[in-house]
Amino acid sequence: DAVVHFAGNAYVGESMSAPDKYFQNITVGTLQLLRAMDDAGVQNLIFSSSCATYGEPKEFPITEDTPQRPTNPYGLSKLHAEQSILSKSAVRRKQGARFAVSSLRYFNVIGADPAGRLGPVLKHKEQWDYPRVVDAAMDAALGLRPKLQV
């Protein structure tokens, strides 16, 4: 048995104006999930994290050795969730038990497929208020947005 944890908010801009929403959903939600996994006896987790945990790295390419210095509440909430998961795994190992974890960190600068086959489709207010740059540029080019503001 395993859990694949993709839940969470994913708008950096929104996280700057509503950080509590991000810490509650991502960090606290992950802690609740870890407890539920204990209750169910599930010992395998794949966590959908983010490259936002790296902030603005000074060197490229980004590797596992790159320091994680998030620059916004979204990245910080993901990093706190990662650290909680890793702490849980370390405690379980010390107890002679196992808790296997994989964290996926990736970028999504392009956004979604309008047909809904990949990523979020721009149907929610948050996606309009805090769009991905490419989405906002396309909206402005199509006249759907009055201007592109970065």
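I began with Asp38 in this predicted model: its relative accessibility is 36%, so I put it down as partly exposed. Its salt-bridge partner is Lys88, with the closest N and O atoms 2.3 Å apart. I then checked where the two sit: Asp38 is in helix 2 (residues 19-40) and Lys88 in helix 3 (residues 73-94), so the pair links parts of the chain 50 residues apart. Lys88 itself has a relative accessible area of 17%, and because buried means under 20%, I logged Lys88 as buried.

Next I looked up the total, and found that the structure holds 4 salt bridges. Two of them meet at Arg105, where Glu64, Glu82 and Arg105 are linked in a network.

The closest N and O atoms of Glu64 and Arg105 are 3.1 Å apart. Glu64 lies in the loop between strand 2 (44-48) and helix 3, and Arg105 in the loop between strand 3 and helix 4, so this pair ties together parts 41 residues apart in sequence. Glu64 is exposed at 65% relative accessibility, while Arg105 is partly exposed at 21%.

Then came Glu82, whose salt bridge with Arg105 has its closest N and O atoms 2.8 Å apart. Glu82 is in helix 3, 23 residues from Arg105. At 3% relative accessibility, I noted Glu82 as buried.

Val4, Phe6, Ile46, Leu104 and Tyr106 make a nonpolar patch of about 440 Å². I followed up on Tyr106, which is in the loop between strand 3 (100-104) and helix 4 (125-129) and is partly exposed at 38% relative accessibility.

Conventions. Residues are numbered from 1 along each chain as its sequence is written. This is a predicted model: local features need pLDDT of at least 70, side-chain atom pairs count only at pLDDT 80 or more; totals for chains, interfaces and linings use all residues. Side-chain values use heavy atoms; hydrogens and water are left out. Patches are made of residues with over 30% relative accessible area and no salt bridge: like charges are joined within 9 Å, nonpolar side chains (Val, Leu, Ile, Met, Phe, Trp, Tyr) within 5 Å. Accessible areas come from the Shrake-Rupley method with a 1.4 Å probe; for residues, only the protein chains shown count as cover. A salt bridge is a side-chain nitrogen of Lys or Arg within 4 Å of a carboxyl oxygen of Asp or Glu. Helices (H or I, at least four residues) and strands (E, at least two) are DSSP runs, numbered from the N terminus. Buried means under 20% relative accessible area, exposed over 50%, partly exposed in between (1.4 Å probe, protein chains only).
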